[in-house]
Amino acid sequence: MTLLPAILTQLLHLALMLALAPVLVGVVRWLKARLMGRQGANPLQPWRDLRKLLRKQPLLAENASVVSLATPYAALGATAAAAALVPGFAHGMLLAPMADLILIAGLLALARFALALAAMDVGTAFGDLGAAREMSFAAFAEPAFVLAVLAFAILAGTTNLDAIGTLLQDGMVGLRVTLGLALLALLAVALAENGRLPVDNPATHLELTMVHEAMLLEASGRQLALWEMQGALRLILWLSLLAALFFPFGTAPAEAGPLAWLLGLLAWVIKLGALAVALAVFESLIAKMRVFRVPEFLGAALLLALLGAVFLFLSTGLA
Amino acid sequence: MTVALAFLLLGLLLLAPLGALAGRGARVVHGGGIAASAGFALLAGAGLVLGDGGVLLLPIGPPWAPLTLALDGLSAWFLLLLGLVGAACGLYAWVHEAAAPPRRLVPYPLFLAGMALTLLAADGFTLLLGFEMMSLASWVLLAAQQGEAERAAARLYLGFALFGAACLIPAVGLLAGLTGDLSFAGMRAAPPQGWAAAVVMALVLLGAGSKAGLVPLHGWLPIAHPVAPSHVSALMSGAMTKVALYVVARLALDLGGPAQPLGWGVPLLVLGAASALLGALRATQETDSKTLLACSTIENIGFVAMAFGLSAVLRAADLGPLAALAAGAGLLHALGHALFKTLLFLAAGEVQHGAGSRQLDRLGGLIHAMPAVALCALVGAAAAAALPPLAGFAGEWLLLQALLSAWRVGALGLQVLVAACTAVAALSAALGAAAMLRLWGLTFLGRPRTPRTLGAQDADPVSSVALLGLAGLVVVVGLLPGALLALGAPAVAQISGHGGVAEASIWLVGPSAAGSGYRPLALAIVLVLLLIGLVTLVRHVSPRPAARGPIWDGGFIAPPAHLPFGDPATQASAAGFAQPLRRMLGGPLLAAREAVRRPPPGGPEPARLESGFHDPVLPALLRPLLRLRDALAIAAERLRDLTIRQFLGLSFGTLVLLLALLAWLGAGAAR
């Protein structure tokens with residue numbers, strides 16, 4: 001019986017993703033605060049904020065349409081579906097055959113589209129500005145992502161994340177220049193997709209410098225809670241994706257039983273923690289770049305990914 | 001079955017004169033058009049299920065052979081698409097063209113019949129006949145529009161149509177070869193070799209590519225498509241470009257495709273990538289909704305052309321299953337694009353009818369006045385933005401899978417080229433998403449940009465049926481790509497020379513059993529379950545109903561009373577929303593410029609921001625032609641000043657030259 005563990009791990013994985021997402025955001029904020037010499041809020045603070053927002057009465061603009069009401073659900077649903085596909089503590093979950101990297105990008109694009117629609121709903125300058133910039137950044141992030149996927153498609157012969165992860169974990173691929181280049185490219189894409197420094201400042205209070213936050217200015221109450229949750233889920237999704245591709249050790253096969261799952265969970269949490277520390281340190285060291293420098297940043301990621309693919313072409317051609 | 005199709009064609013031809021009837025002509029023509037289109041769709045579906053119907057000889061034709069019709073897999077796939085698009089356009093026209101003048105009614109059935117004849121042709125002559133009938137009928141539809149810009153668009157269109165014909169006719173001649181056998185069976189038996197194959201590819205690309213809107217011959221499309229009435233725009237963008245792609249697939253890949261060298265499909269791949277990028281980028285910049293949609297058509301045609309070109313490359317490299325995957329991607333995207341682009345054009349027509357404009361800067365907030373149109377257009381826009389689980393994503397997923405597997409070809413140059421094409425495809429898809437967001441958001445969301453928008457009315461029930469039907473079909477194609485490709489396996493086999501996509505069933509479509517698969521139905525189930533769970537949970541924890549208040553807008557003060565929709569300057573304009581991409585990518589590709597003109601120090605006039613863009617390709621093509629025309633005119637002018645002796649000498653010289661030519665040809669024939 002492999003179906004039962006597959007279902008169990010899948011449900012457990014989704015529940016863990018949802019539960020840990022706000023905590024991860026809180027941890028990054030706390031780490032950044034400590035690095036800057038501040039006390040920092042409790043890492044559980046995002047959960048408290050979510051609870052507060054859910055209790056509050058939402059306030060909608062007079063001319064808000066059904067788009068403002070429906071898009072947070074659509075975006076969070078799509079992000080949760082993508083999060084269910086990215087392996088966390090276990091391989092071979094129920095939805096593993098669906099865990100295609102292009103599909104994950106598509107689901108994130110769906111969430112982004114919903115967010116931009118919500119931003120444009122009531123017709124404000126900030127919302128429109130944020131939506132236009134977000135979609136423009138995505139236009140540069142997606143080719144870099146797909147070229148990084150190309151490297152894995154060549155190495156593993158598939159674009160299925162679960163299969164790639166298993167293959168890398170078995171050490172079939174080894175250490176390669178291409179993997180390093182793909183890591184750099186995916187890191188840049190992850191920063192842009194999550195609206196982190198240097199592309200966007202997640203903690204800014206100045207509307208003109210906002211991209212992601214500018215789109216949420218009109219949201220309140222449970223709508224804002226859903227958007228916050230979506231952002232947190234996207235961050236944990238990306239960090240898990242990077243962990244699954246570049247630090248594939250320790251992940252448990254689904255059939256291995258609860259003890260192995262526990263070890264896998266430990267490995268996953270350690271990997272997430274390490275990435276969170278790296279993110280906090282990086283964000284503390286770097287300044288936000290001008291909006292029109294972002295294409296250069298993501299263009300460099302694109303070129304690195306292309307270079308990685310060319311390295312692979314050359315090495316497979318020689319072999 | 002082919003006989004029934006021939007009768008449908010005949011019926012459409014007979015319908016044309018009825019359009020000249022006063023009064024009831026319009027209903028007769030459009031009713032007949034709907035019936036014929038529905039018949040095409042049904043018979044094409046039956047043809048896909050039942051298989052090949054054999055060749056039907058018609059009792060008419062040129063002196064050397066009868067016209068022939070046949071419904072094979074490739075024809076049936078495109079005929080299905082034409083039937084669905086035609087039926088929806090007919091429903092729209094039933095409502096909005098009830099009082100159209102005969103000059104708009106007579107060519108309409110001929111346009112439909114021309115497209116169907118091209119698709120059903122079983123020999124080169126019938127194919128060209130249908131293609132030219134389609135070109136001319138659509139030109140008449142354009143020329144029937146009033147206004148100087150419209151006339152200029154029609155003239156430009158006619159020029160490109162003539163150019164296309166001048167390229168396609170020799171291409172068919174070369175395919176027929178020395179035997180002169182114009183039937184497809186005869187051409188397939190002797191595919192072109194060597195230089196002839198290269199010339200065929202070039203001529204087909206120029207001839208059919210100019211009709212499909214492949215870069216660099218795309219310049220007429222954003223000018224001509226928006227000029228026509230919306231249902232004709234929809235037919236031109238949704239169906240006619242696909243007919244042109246069918247001609248590419250039929251002549252170049254099916255008839256000329258076997259045993260070609262590796263580089264043979266590369267031009268198609270490269271031109272497809274260029275079209276995808278340029279079309280998508282222009283779509284993010286245009287401010288007229290129908291021009292924007294026409295540019296998005298260039299983008300999607302580019303995707304299909306990429307898929308077909310990749311299929312040819314993979315076939316030449318003897319990678320049959322991957323060639324089939326690429327061909328399936330092209331076919332599926334062609335079908336999906338036909339449906340969602342028709343939907344979007346018809347919705348743009350409804351908006352133009354209801355809100356009085358197709359300029360994005362004069363629309364806004366229409367979701368309140370036109371909810372049904374807004375919903376249907378959202379489905380179309382999301383599909384065009386390649387969002388899962390709709391039709392656009394399925395096609396682009398398959399295309400990306402084919403591109404990601406194409407490194408197996410082995411030649412380093414080709415691998416790098418395909419990697420670059422992969423990046424361009426992803427970039428174009430993301431740009432397309434930005435363009436569709438801008439189109440839908442500026443039209444239906446936000447505040448009204450003109451008071452006229454407030455008087456908008458939702459679509460008439462009959463055209464709502466057309467829009468809802470198309471939206472449903474977009475969802476169905478998105479959810480069942482595997483089943484559709486299993487049905488279209490004969491068409492895939494004709495293009496790629498390999499029998500069907502490896503993994504194609506109701507649940508799954510994918511490149512191979514070992515590779516990654518796309519499971520749209522399962523994805524839809526997961527999404528629906530997650531949404532239900534989410535909504536129930538949030539209802540439970542947060543039950544308080546929402547209150548309404550004024551727009552927060554970052555704390556800006558409320559607008560004065562004389563601005564009932566707020567300050568228009570605090571909402572993005574069409575050009576403003578496009579500004580980030582114009583500055584990031586527009587410079588090199590669209591000759592975009594942006595400059596602030598400041599008054600001299602102390603001057604009282606305001607500073608002005610000047611920005612804009614233009615597509616440099618069409619002027620670059622037309623300028624040499626204009627120069628050539630002027631040069632010829634000057635040369636002809638010079639003839640007028642000749643003396644009588646010089647005139648006589650000229651005539652005598654021409655006579656001697658012709659006689660010498662005759663003698664040379666006669667000698668060649670005698671030998």
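Modeller: Happy to; here is the interface, from its extent down to single residues. This is a predicted model, in which local features need pLDDT of at least 70 and side-chain atom pairs count only at pLDDT 80 or more, while totals for chains, interfaces and linings use all residues. Residues are numbered from 1 along each chain as its sequence is written, chains are lettered from A in the order in which they are written, and side-chain values use heavy atoms, leaving out hydrogens and water.

Chain A brings 77 residues to the contact and chain B brings 73, counting heavy atoms within 4.5 Å. About 6,500 Å² is buried between them, 74% of it from carbon and sulfur atoms; this is the accessible area (1.4 Å probe) lost on being put together, summed over both parts.

On the side of chain A that touches chain B, the elements giving two or more residues include α2 (45-55), β1 (59-61) and α5 (125-156) of chain A (helices are DSSP runs of H or I with at least four residues, strands runs of E with at least two, numbered from the N terminus). The most comes from α5(A), with 20 residues. By type, that side of chain A has 54 nonpolar, 12 polar and 11 charged residues, where Ala, Val, Leu, Ile, Met, Phe, Trp, Tyr, Cys and Pro are nonpolar, Asp, Glu, Lys and Arg charged, and the others, Gly among them, polar.

Strand β1(A) also pairs with β5 (residues 547-549) of chain B, in the parallel sense over three bridges (pairing needs at least two DSSP bridges). There, Leu59(A) stands opposite Ala547(B).

Methods
Buried area is the accessible area (1.4 Å probe) that two parts lose on being put together, summed over both.
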